[in-house]
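Please examine the sequence and the structure below before reading on.

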Amino acid sequence: MAIPLKKPLVPAGMTGLVLTAGGARGAYQAGVLKRIGEIPGLRGKPSPFPIIAGASAGAINGAAMAAYAGNLGEATDQLARLWSQLKMTDVVRIDTPALIGNVARIAADFALGAVIGAGRTESLLDAAPLHRFLTGALPPNGIRDSIAKGHLYALAITATGYHSGRAFTFIEGQDGHPLWQKSRRVALRASITPQHVCASAAIPIVFPPVPLAASGTTAYFGDGAMRLTTPLSPAIRLGADKVFAIGIRSKSAATDLLRAELAPALAGESLRRPPLSQICGVFLNAIFLDHLDADLEHLARMNELIGAYQALSRKAAAVEVSEPMRIVSPLSIAPSEDLAVVAKTLSHRMPRTIRLAMEGLGTPDAQSADLLSYLLFDSAFTRELIAIGYRDADARVDEIEQFLRSDPRPSP
């Protein structure tokens, strides 16, 4: 049951930046934002995104954008630099003792768990380096300063509670920002730290759960994309009248994969059995890639419904509703190239021990090599993704600038 909350006063005419999930694919978002940061009318000025909402890799990018919100050019340059210098050792431990120790724990749990007790294995990889990396990359009081100076209204970072299965959105923002509690979504006030970002970016099974303080207790959280099926929602609930969303899935690649899947059936042929690596990739796709497009479609339908309602309400008495709705203008951008194929060409950059383990799961189709694209935390791959994001934004830079400069509020 929804808990009634005091209705806050929300400034009108705000633009929200929505950054979706995707592991190493988050470098694409940095490329898009780098090009936006170079727009002459915006560079050197405060960020045009007073509301920022992110999950998983989007939480990393969102925290960086929020911490440097006073200067858009500096924020986007810092973010691109962070991704372009990324190494696997900045994210996970790949030293032999760590890997052997994890393999031993997994073997003990599976082989002897019924006898000696199980539960030693937290994840496939140890992500302790990520916390140290983010602590060094993000200024300690950057988010708080951006809020105090009025450059940022709110930063929302979503993680999934492993106990309740709900999406917890941790919000640091101006006094009086909205909060909500729904059947599958909870919003809490928080002082965002690298620990919150690590929790939001903890890819299930691959990275361990992250403990966070929540409502007077300590709970364990994982990747925010698992339960956040409506990634636009936090920004809209915080008051955004416009949302600029950066996805990480190539729409043309998705269409090509569907066509390839149907072609053998039409020709009377059969596709080969997918290896476990391909199944894992599709599993992560279901978490990371499919939500934004569906949410944009839902927003378009809601805008049509609200428009029709507003037209009718002018002719009839106003109806009081518990949650007043408004038209929200969206603009989204997604990769023009298949990032899985890019990852496949750079698979030799994966550390040998992890590459051998992944090869043991089988070799997927090149376009279905999504598992690799989520885990290839390597500068050669991330720089290529930054370049793709930069080119995609450059091709639409006039449209993006017009969207960011336009007033989202409807005329009286």
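The model described here is predicted.

**The protein as a whole**

- The protein has 412 residues, and buried residues make up 50% of them.
- Its secondary structure comprises 16 helices and nine strands.
- Of the contacts between residues at least 6 apart in sequence, 77% join residues at least 24 apart.
- The accessible surface comes to about 19600 Å², and carbon and sulfur atoms account for 57% of this surface.

**Helix α1 and helix α3**

- Helix α1 covers residues 26-37, and its axis comes within 8 Å of the axis of α3, with a crossing angle of roughly 150°.
- Angles over 145 degrees count as roughly antiparallel, and α1 and α3 are therefore roughly antiparallel to each other.
- The crossing in which α1 passes α3 is left-handed.
- On the α1 side, the contact is made by G26, A27, A30, L33, K34, I36 and G37. On the α3 side, L72, G73, T76, D77, L79, A80 and W83 take part.

**Helix α1 and helix α15**

- Helix α15 spans residues 379-395, and the axes of α1 and α15 come within 6 Å and cross at roughly 40°.
- This angle makes α1 oblique to α15.
- The two helices, α1 and α15, form a right-handed crossing.
- The residues of α1 that meet α15 include A27, Y28 and A30, and those of α15 that meet α1 include T382, L385 and I386.

**Helix α1 and helix α2**

- The axis of α1 and that of helix α2 (residues 57-67) come within 8 Å, crossing at roughly 35°.
- Helix α1 passes α2 in a right-handed crossing.
- From α1, G26, Q29 and L33 meet A57, G58, N61 and M65 of α2.

**Residue T76**

- T76 belongs to helix α3, which runs over residues 72-84.
- Is T76 buried or exposed? Residues under 20% relative accessible area count as buried, so T76, at 1% relative accessibility, is buried.
- A polar atom of the T76 side chain lies 3.2 Å from the backbone oxygen of G73.
- Setting aside residues up to four places away in sequence, T76 touches L33, K34, G37 and M65.

**Residue S250**

- Which residues are in contact with S250, leaving aside its neighbours within four places in sequence? They are P335, S336, E337 and D338.

**Residue D407**

- D407 lies in the segment after helix α16 (397-405).
- Because its relative accessibility is 47%, D407 counts as partly exposed.
- Although D407 and G13 are 394 residues apart in sequence, their C-alpha atoms are 6.7 Å apart in space.

Definitions and conventions: Residues are numbered from 1 along each chain as its sequence is written. This is a predicted model: local features need pLDDT of at least 70, side-chain atom pairs count only at pLDDT 80 or more; totals for chains, interfaces and linings use all residues. Side-chain values use heavy atoms; hydrogens and water are left out. Helices (H or I, at least four residues) and strands (E, at least two) are DSSP runs, numbered from the N terminus. Buried means under 20% relative accessible area, exposed over 50%, partly exposed in between (1.4 Å probe, protein chains only). A polar contact is a pair of N or O atoms within 3.5 Å; within protein, one must be able to donate a hydrogen and the other to accept it, and residues adjacent in sequence count only if both atoms are side-chain atoms. Contact means heavy atoms within 4.5 Å. Accessible areas come from the Shrake-Rupley method with a 1.4 Å probe; for residues, only the protein chains shown count as cover. Axes are lines fitted to C-alpha atoms, for helices over the stretch in contact, and angles run from 0 to 180 degrees between N-to-C directions. Angles under 35 degrees count as roughly parallel, over 145 as roughly antiparallel, 65 to 115 as roughly perpendicular and the rest as oblique. A crossing is left-handed if the near helix is turned anticlockwise from the far one by less than a right angle, and right-handed if clockwise.
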